[in-house]
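Visitor: I'm new to reading protein models. Could you walk me through one, starting with charge?

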Amino acid sequence: QVYARMSEVLGITDDNHVLETFMTKIVTNLKYRGRCEPVISRTLQFLNDLSVGYPFYLLKKLVKIEAVRFMLQNHTSKHFPFLGISDNYSLSDLRCRTVFYTALTRLLMVDLGEDEDQFENFMLPLTVSFESVTQIFKSSFEQEEAKRMLIGLARDLRGIAFALNTKTSYTMLFDWIYPAYISVLQRAIELWYREPACTTPILKLMAEFMQNRSQRLNFDVSSPNGILLFREASKMICTYGNQILSLGTLSKDQVYPLKLKGISICYSALKSALCGNYVSFGVFKLYGDNHFDNVLQAFVKMLLSVSHSDLLQYRKLSQSYYPLLECLTQDHMSFITSLEPHVLIYILTSISEGLTAVDTIVSSSCCASLDYIVTYLFKHLAKEGKKTLRCREISQDGQRLLHFMQQNPEILQQV
């Protein structure tokens with residue numbers, strides 16, 4: 001019907017001509033209507049739909065269109081004003097950049113393959129921006145300019161990372177950002193932890209990086225990239241967690257935007273890392289690396305600063321905390337059993353309360369967590385009955401948990 005109408009009004013009868021018309025209109029809107037947020041937003045949504053909704057053979061046609069090639073080679077504020085960082089744009093206007101770069105990167109992926117030079121050329125505008133921020137940080141820097149640049153870069157990179165769903169392309173991005181540019185993001189979290197307009201895009205970028213979508217993070221056997229990535233995530237979560245807790249008591253209207261939103265993103269990132277199957281966590285203890293222990297302690301500190309009512313009241317927080325807890329009880333019960341009694345009481349109480357939640361993500365995660373904990377206890381009790389030396393040695397963690405349950409029987413009885 002669309003093609004018939006375009007043929008009637010514009011005299012277009014050829015498929016290629018239709019695609020060219022679409023893309024020319026998109027580029028025109030992005031170039032000349034950059035100050036009109038509704039137009040930019042709908043134009044970018046249309047571009048995103050085109051990049052994901054067409055069969056591959058049509059995408060091959062799409063990337064040969066002059067307007068598409070222009071976007072892939074000239075995605076700068078000079079050609080597309082909405083990518084600028086001037087004060088004319090509010091920080092919320094920068095959100096559209098993620099959609100733009102998601103669509104653009106999908107189009108890049110059509111012919112990218114293993115061409116690292118093509119990827120480097122595509123990333124050149126972001127490279128220039130990161131180098132500028134690095135220089136600003138080294139001088140007595142203008143905070144507002146650096147802040148705006150980093151917010152835009154974080155949103156751009158999140159869109160790029162979301163679209164790179166192959167091992168080869170993701171590795172190109174990792175090699176590009178690590179270690180130089182990721183340290184800039186760490187520095188921004190240290191400086192501006194009080195400003196969620198800045199920290200939220202950076203934390204969301206890290207959470208996206210930790211997603212092992214389509215097994216894209218399965219690095220080569222000889223590659224340390226999985227561990228290096230986890231270390232950076234651990235540093236960022238620990239930095240943010242320690243800094244955000246220094247804010248003290250916040251008013252009801254401030255507690256979510258200034259604190260709980262960031263905590264929920266940290267929990268999502270940690271859950272993705274723990275469940276992604278690209279890091280052997282035993283390596284950290286084996287080689288005396290404390291990044292794994294540090295991030296788990298940061299998880300506990302942030303958790304204890306949140307009330308049970310807030311855990312269930314704020315949907316995004318509960319949907320990140322409970323799946324993370326499920327992951328911890330499934331694979332890291334030695335950590336759970338090592339917790340102080342008051343922390344265990346907090347966690348088990350949160351499970352008890354979460355079981356009655358209407359949200360199935362919360363209630364099902366609570367059921368799974370409870371199952372893992374009770375199974376762990378049951379296996380320990382079974383070993384206790386055997387009383388062999390080996391069973392006594394390997395069940396010390398279980399002994400701690402069993403002792404705790406004997407001291408606090410009302411918790412499981414309540415469940």
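This is a predicted model: local features need pLDDT of at least 70, side-chain atom pairs count only at pLDDT 80 or more; totals for chains, interfaces and linings use all residues.

Visitor: Which residues gather in a patch of negative charge on the surface?

Guide: Look for E114, D115, E116, D117, E120 and D175.

Visitor: And which helix gives the largest share of the negative patch?

Guide: That's helix α7, spanning residues 116-138, which supplies three residues of the patch. D117 has its place in helix α7.

Visitor: Is D117 buried or exposed?

Guide: The idea is to compare relative accessibility with a cut-off, and exposed means over 50%. D117 has 58% relative accessibility, so it counts as exposed.

Visitor: What about burial in the whole chain?

Guide: There the cut-off for buried is under 20% relative accessible area. Of the chain's 415 residues, 50% count as buried. The accessible surface is about 20,000 Å², and carbon and sulfur atoms own 51% of that surface.

Visitor: How many helices and strands does the chain have?

Guide: Count 23 helices and zero strands. Along the principal axes, the C-alpha atoms fill a box of roughly 85 × 50 × 45 Å.

Visitor: How do I read contacts along the sequence?

Guide: Check how many positions lie between the partners. Take the contacts in this chain with a separation of 6 or more: 72% of them are between residues 24 or more positions apart.

Definitions and conventions
Residues are numbered from 1 along each chain as its sequence is written. Side-chain values use heavy atoms; hydrogens and water are left out. Patches are made of residues with over 30% relative accessible area and no salt bridge: like charges are joined within 9 Å, nonpolar side chains (Val, Leu, Ile, Met, Phe, Trp, Tyr) within 5 Å. Accessible areas come from the Shrake-Rupley method with a 1.4 Å probe; for residues, only the protein chains shown count as cover. A salt bridge is a side-chain nitrogen of Lys or Arg within 4 Å of a carboxyl oxygen of Asp or Glu. Lys and Arg count as positive and Asp and Glu as negative; His and the chain ends are not counted. The place of a charge is taken as NZ of Lys, CZ of Arg, CG of Asp or CD of Glu. Helices (H or I, at least four residues) and strands (E, at least two) are DSSP runs, numbered from the N terminus. Buried means under 20% relative accessible area, exposed over 50%, partly exposed in between (1.4 Å probe, protein chains only). Contact means heavy atoms within 4.5 Å.
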